[in-house]
Amino acid sequence: MFLRRKHTQKDDSEQRDAKVIELRTAIGPLSGRCSLFCTDACLMRYLEARNWNVYKARKMLEETLKWRSTYKPEEIRWHEVAHEGETGKVSRASFHDRQGRTVLILRPGMQNTTSAENNIRHLVYLLENAIINLSEGQEQMSWLIDFTGFSLNTSVPIRTARDIIYILQSHYPERLAIAFLYNPPRFFEAFYKAVRYFLDPKTAQKVKFVYPKNKDSVEMMQLYFDIENLPNEFGGNATLKYDHEEFSRLMAQDDVKTAKFWGIDEKPYQIGNRHSVAPEPAPISQQAG
């Protein structure tokens with residue numbers, strides 16, 4: 001009589017590690033920024049996004065490496081996209097969620113420009129910034145979306161939304177932990193139905209609608225955030241105030257960190273009328289996020 005060996009978490013971990021090794025072998029030798037980008041954690045995210053199918057994960061990862069080589073998201077600097085952020089339509093929060101994840105705050109009602117390309121570039125910059133600021137061992141971020149002031153005039157075109165979703169799902173897989181859409185207006189439902197067509201099922205499950213008068217949705221949100229840190233726009237007790245000049249200084253400092261991380265030599269540039277920031281090349285001592 002044979003006893004079946006009990007399946008354990010250790011077995012799952014060993015299987016995942018084996019898949020990572022298989023994917024790394026499949027993509028072959030890497031150098032430079034590609035090597036920095038393709039950490040084990042990165043490969044695991046691509047495998048997760050493709051249900052641990054090595055062939056599909058390899059294809060997805062190769063498309064990302066190709067995109068990064070041409071779009072160069074790690075080379076975007078705040079002074080290039082700062083005009084897009086003047087109203088604070090997308091910003092990195094000063095607080096984290098209960099899991100210690102970086103939080104991005106999106107306020108579509110504060111839309112201030114019409115260029116789809118520049119809007120996307122601004123968002124990509126902040127995605128890269130959120131990633132570079134993730135805590136050690138953390139791979140995902142949370143989104144808070146405030147619909148105050150949102151109208152048909154401020155909504156992005158469906159085509160732009162589609163392009164944003166494509167970049168997020170194709171080149172930042174498994175980076176989103178959860179997205180809370182706080183108190184969206186009724187007419188947004190039609191917009192979301194059109195946009196949801198482009199979302200894969202795993203991403204769609206991470207999108208949560210929260211209404212302040214709905215006890216269940218509010219309690220769910222409080223499972224993820226400390227109400228004392230949460231801005232009152234999202235039902236919390238804190239005050240959300242976007243100071244563009246202060247945020248620009250913070251982003252300029254982060255640009256120095258980004259340049260060091262990727263080993264990019266840059267010339268100093270002016271922040272506002274008073275502040276000059278000069279990135280200094282330094283050995284890369286940390287792992288890619």
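1. In this predicted model, the residues lining the largest pocket divide into 29 nonpolar, eight polar and eight charged. The lining comprises 45 residues in total, and those that lie nearest the centre of the pocket are Trp143, Ile145, Ile164, Ile165 and Leu168. The space in this largest pocket comes to about 960 Å³.

2. As to where the lining comes from, at least two residues each are supplied by helix 6 (116–132), strand 3 (141–146), helix 7 (158–171), strand 4 (176–182), helix 8 (188–196) and helix 9 (201–205). Helix 7 gives the largest share, with five residues of the lining.

3. The position of the largest pocket relative to the domains also deserves a remark: because residues of its lining come both from domain 1 (11–71) and from domain 2 (87–262), the pocket lies between the two.

4. Turning to the cysteines, a search of the whole structure finds zero disulfides, where a disulfide would need a pair of cysteine sulfur atoms within 2.5 Å. For Cys34, the closest cysteine sulfur is that of Cys38, and at 6.3 Å it is too far for a bond. Cys42 is likewise in no disulfide, with the sulfur of Cys38 as its nearest cysteine sulfur, 5.0 Å away.

5. On the exposure of these residues, Cys34 has a relative accessible area of 30% and is therefore partly exposed, whereas Cys42 has a relative accessible area of 0% and is therefore buried.

Key. Residues are numbered from 1 along each chain as its sequence is written. This is a predicted model: local features need pLDDT of at least 70, side-chain atom pairs count only at pLDDT 80 or more; totals for chains, interfaces and linings use all residues. Side-chain values use heavy atoms; hydrogens and water are left out. On a 1 Å grid over the protein atoms alone, a cavity is a set of points where a 1.4 Å probe fits but cannot get out, and a pocket is an open set with protein on both sides within 12 Å along at least five of seven lines; lining residues have an atom within 4 Å of a point. Grid points are joined across faces, edges and corners, and a volume is the space filled by probe spheres set on the points. Helices (H or I, at least four residues) and strands (E, at least two) are DSSP runs, numbered from the N terminus. Ala, Val, Leu, Ile, Met, Phe, Trp, Tyr, Cys and Pro count as nonpolar, Asp, Glu, Lys and Arg as charged, and the others, Gly among them, as polar. Domain bounds come from an automatic or database domain assignment. Buried means under 20% relative accessible area, exposed over 50%, partly exposed in between (1.4 Å probe, protein chains only).
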